Amino acid sequence: MCEPEVIVPVLVPVAVAGAYSYKVPADMDVRPGSIVRVPLGPREVIGAVWDGEPDTKVNPKKLKSILHVYDTPPIAEDLRKYIDWVAAWTLGAPGMVLRMVLRSEEALEPEPLLSGVRYIDGMQPDRMTPARSKVMELVENGMAWTRPGLAGAAGVSSSVIDGLKKQGVLEEAMLPATPPLPDPDPTLPGRKLTDLQQGAANQLCEAIGKGFKAFLIDGVTGSGKTEVYFEAVAETLKNNEQALILIPEIALTNQFLNRFEERFGVRPAEWHSQVPPKRRARTWRGVANGEVKVVVGARSALFLPFHRLGLLVVDEEHDTAYKQDDRVPYNARDMAVVRGHISGFPVVLASATPSVESQVNAKLGRYTKIVLPERASGAEMPTIKGIDMRCDGPERGKWLAPALVNEIQQTLTNGNQVLLFLNRRGYAPLTLCRTCGHRFHCENCSAWLVEHRFKGKLVCHHCGYSQPIPDKCPECSNSDSLVACGPGVERIAEDVSALFPEARVLVLSSDLPGGTERINREMKLVEEGEVDIVIGTQLVAKGHNFPLMTLVGVVDADLGLANGDPRAAERTFQLLAQVTGRAGRIHGKGRGLLQTYNPDQPVIKALLSGNPEEFYAAEIESRENAGLPPFGRLAALIISGPDRSLTEKFSKSLAVNSPSSEGVQILGPAEAAMALVRGRYRFRLLAIAPRSVDLQGFLRNWLSVAPKPTGGIRVQVDVDPQSFM
């Protein structure tokens with residue numbers, strides 16, 4: 001009698017609601033979590049055998065069979081639960097969340113072994129030459145070598161290796177393509193901690209191995225938050241578990257890796273977009289089989305299939321870089337807490353300027369708050385002063401007020417460094433014609449083109465469109481009337497070089513050529529005192545330690561406050577507090593100067609008073625009164641399409657078909673602040689509800705009865721949106 005065919009659900013990386021059913025070949029063994037390759041239409045895709053029962057309504061004769069099961073650890077049950085949870089929360093397809101776990105087939109297959117040689121114990125060549133003697137000294141311990149590696153180490157030609165192999169002194173041996181990373185040593189002594197740091201570290205260490213608990217480390221800039229959670233990492237390693245540390249910026253990686261190596265003797269594995277694909281594949285395999293003990297990475301590292309994850313740290317937890325807006329929109333800070341809760345391990349959030357959401361969670365007792373109010377070096381926090389640009393601003397066409405120029409001169413005379421901060425890349429945010437008023441704008445987006453004088457281009461910061469800086473106006477052909485309006489960091493550098501011609505000036509911005517390697521080199525120059533004045537964007541606002549920097553000047557403190565984003569005040573406060581915190585971290589006597597046209601604005605007043613508690617209290621009260629997160633819930637529906645009128649019409653139809661639900665308010669549709677991006681017109685609907693409302697259930701119901709998009713129109717759901725552009 002024939003055995004009945006086994007049918008299993010397989011989740012595949014496509015935007016469908018659930019798993020498809022597949023037959024399991026008789027000679028194949030799979031279980032929930034097994035990673036497989038299956039046919040999907042005309043192509044083959046990687047998927048995973050999933051939980052639950054297969055669809056019994058499908059005729060088994062029409063089902064296709066699993067083609068291959070990979071020899072890699074199955075996706076663990078807790079990670080499968082996490083994938084389903086993220087999909088349910090974001091209203092994303094489970095397969096698209098799985099796609100963030102299954103990076104590539106290269107990661108699923110072990111690297112092929114390399115051919116090498118090894119010494120045959122007791123064998124000697126017929127005659128010993130100086131070259132052979134060098135080789136014998138290296139191989140007599142029995143270690144295997146590649147031929148080029150052995151020849152290079154011995155300083156001989158590869159023919160010497162071949163000769164010893166012919167004589168039977170060396171034999172063929174297969175080596176792993178890449179040796180595993182050495183394990184970090186948790187027993188090495190770290191930096192000496194202050195009493196406050198030690199108390200904080202003890203709290204974290206006591207939680208390791210005892211299930212889920214969320215911590216918020218609220219420590220001023222320079223308070224040594226990293227050293228504190230490094231002690232928790234050490235305790236995790238002693239407990240034979242893995243640790244994941246999320247950081248928001250690739251630019252922070254190198255300095256952070258150096259600090260990690262100083263503490264644990266080796267560097268951790270890295271995971272971010274700049275890591276070469278082969279190394280990412282090795283890290284993925286090492287994480288899955290437990291060989292990789294610590295990973296430092298960007299938000300996508302949250303979906304690595306750890307063998308035994310025991311600690312998750314989110315550094316700079318307030319940072320907006322933790323929010324992913326495309327495909328599956330999610331906030332890595334919040335999803336990190338969920339992963340710790342599902343898998344049962346501690347999660348540590350750390351920041352000098354925690355998010356309002358985290359402050360409220362700590363206040364309500366959901367997170368254990370640890371406060372580090374002093375710098376670990378003993379240095380005082382910088383004094384912050386304002387420059388009222390209405391009465392003490394610079395002359396027309398200049399950007400630095402006289403008071404700031406004088407402070408820069410004094411700082412340079414004392415042999416210290418200056419940081420000038422302006423969160424605006426390029427030379428000028430707008431170029432226009434004085435004769436006819438023509439403004440240069442992007443062909444694909446509703447955005448002005450930004451002049452980048454270093455590159456000789458006008459660039460769109462939203463889609464990447466660029467064109468050479470023209471010699472004359474394309475409208476009136478006047479060749480002498482184009483003018484750059486407003487400053488970017490390149491224009492500030494031009495002014496600084498004119499004011500301080502002897503100073504060594506460096507512009508730090510993410511869009512300059514050279515990528516991460518250039519940024520790392522230049523950060524090192526600043527650390528070593530090879531630069532006098534740094535002019536930078538938010539790239540320099542966090543995580544960096546510049547020992548000689550004592551003055552920070554903020555060129556436009558009001559810049560982030562002029563848009564309609566409900567989080568604008570919080571983000572501006574965080575950014576300016578972080579950047580002024582770069583001053584005087586080691587020796588104290590740091591100073592911060594804020595150029596502002598509105599010194600009475602609450603954010604500016606809070607920074608000048610040095611009283612962050614006052615700002616947070618006011619911001620929390622404002623959010624609570626307005627029913628905004630974390631006291632209420634938000635979800636955005638972004639409707640985009642190639643035709644403006646059709647997209648607007650569909651948006652209105654979507655709004656009309658919204659179900660009635662007590663407490664849920666629908667706003668819009670309204671044209672998005674960035675109405676055109678990459679050739680697609682965008683409209684936004686916003687759902688606002690109390691925390692008690694099942695907002696995801698409401699959205700699912702809404703989308704199920706709403707008209708289906710056609711004609712290239714797309715609808716994206718963003719639960720808890722962070723950007724309102």
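**A helix crossing and a covered strand**

Let's start with two helices: the axes of α1 (residues 77–90) and α11 (residues 332–343) come within 10 Å and cross at roughly 140 degrees. That makes α1 oblique to α11, given that angles under 35 degrees count as roughly parallel, over 145 as roughly antiparallel, 65 to 115 as roughly perpendicular and the rest as oblique. The axes are lines fitted to C-alpha atoms, for helices over the stretch in contact, with angles running from 0 to 180 degrees between N-to-C directions.

Keep in mind that this is a predicted model, where local features need pLDDT of at least 70, side-chain atom pairs count only at pLDDT 80 or more, and totals for chains, interfaces and linings use all residues. Residues are numbered from 1 along each chain as its sequence is written, and side-chain values use heavy atoms, leaving out hydrogens and water.

Back at the crossing, which residues of α1 and α11 meet? From α1 come Asp78, Leu79, Lys81, Tyr82, Trp85, Val86 and Trp89, and from α11 Met335, Ala336, Val338, Arg339, Ile342 and Ser343 (contact means heavy atoms within 4.5 Å). By class, this contact has nine nonpolar, one polar and three charged residues.

Now hop over to strand β27 (residues 591–596), where five of the six residues are buried, meaning under 20% relative accessible area with a 1.4 Å probe, protein chains only. β27 pairs with β17 (residues 383–388) in the parallel sense over six bridges; pairing takes at least two DSSP bridges. Here Gly386 has Leu594 in β27 as its bridge partner. Strand β26 (residues 549–554) also runs parallel to β27, joined by four bridges, and Gly553 is partnered with Leu593 of β27.

Terms used: Buried means under 20% relative accessible area, exposed over 50%, partly exposed in between (1.4 Å probe, protein chains only). Ala, Val, Leu, Ile, Met, Phe, Trp, Tyr, Cys and Pro count as nonpolar, Asp, Glu, Lys and Arg as charged, and the others, Gly among them, as polar.
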